[in-house]
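I opened my notebook for this one and wrote things down as I looked them up. Here is what I was working from.

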Amino acid sequence: MAKRVITFGTFDVFHIGHIKILERAKALGSYLIVGVSSDTLNYSKKSRYPIYSQSERIHIISSLRCVDEVFIENSLELKESYIKEYNADILVMGDDWKGKFDTFGNICQVIYLPRTPSISTTEIIEIARTIK
């Protein structure tokens, strides 16, 4: 049976860590669905808007060969609804979220993948700001 995998992220200032987690997520199934955080959701989480707009981030994620479908994630509280709406068999998140989505284990398998060491969008943005 084909497995549908879903994951979520902001994917701002796209980097190798993003590629690696998306490729590993895809390897767990046959169809990868990616929820890209809306600009508004990102602001509510981080008190800043992403460097790249949500339409630019969707374009970037949609262009990847490992990604089959992309949608806008408007609320963290809707994750269960998104999992059900997209008929996901597996939810993949970075291990910085470990344990936070275990409650969805009753509707899908939950897998936390290790983040790529020494790379972070926040760190890249901070370094870029100091270069000015």
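Predicted model: local features only at pLDDT ≥ 70, side-chain atom pairs only at ≥ 80, totals over all residues.

How many aromatic pairs does the count come to? I got 7 aromatic pairs by the rule I used.

**Entry 1: the rings**

I started with F71 and Y86. Their ring centres are 4.4 Å apart and their planes sit at 20 degrees, so I put the pair down as stacked; the cut-off for that label is under 30 degrees. Then I checked where the two sit. F71 belongs to strand 3 (residues 69-73), while Y86 is in the loop between helix 4 (79-85) and strand 4 (90-94). That is 15 residues apart, and the pair links distant parts of the chain. Buried or exposed, F71 and Y86? Both turned out to be buried.

Next I looked at W97 and F101. Here the ring centres are 5.6 Å apart and the planes are at 40 degrees, so this pair goes down as tilted. W97 has 29% relative accessibility, so I noted W97 as partly exposed. F101 has a relative accessible area of 9%, and I wrote F101 down as buried.

I also found a cluster: F8, F71, Y82 and Y86 form one aromatic group. Which residue lies over the face of F8? I found K79 there, at 4.2 Å from the ring centre.

**Entry 2: the strands**

Strand 1 (residues 4-9) and strand 2 run parallel, and I noted 6 bridges joining them. One spot I looked up was I6, which stands opposite I33 in strand 2. Strand 1, helix 1 and strand 2 together make a β-α-β unit, and it is right-handed.

On to strand 3: 5 bridges join it to strand 2, and these two run parallel.

Why did I call strand 2 largely enclosed by the rest of the structure? I did so because 6 of its 7 residues are buried.

Last, I picked S30. This residue is in the loop between helix 1 (16-27) and strand 2 (31-37). Its relative accessibility is 40%, so S30 counts as partly exposed. Leaving out residues up to four places away in sequence, I found S30 touching A2, K3 and D68. I also checked S30 against R4: they are 26 residues apart in sequence, but 6.2 Å apart in space, C-alpha to C-alpha.

Key: Residues numbered from 1 in each chain as written. Heavy atoms only, no water. Helix = DSSP H or I, 4+ residues; strand = E, 2+ residues; numbered from the N terminus. Buried < 20%, exposed > 50% of the residue type's maximum accessible area, 1.4 Å probe, protein only. Contact = heavy atoms within 4.5 Å. Phe/Tyr/Trp six-rings, centres within 6.5 Å; stacked < 30°, edge-to-face > 60°. Lys NZ or Arg CZ within 6 Å of the ring centre and 35° of its normal. Pairing = 2+ DSSP bridges. Right-handed = clockwise from strand over helix to strand, strands pointing away.
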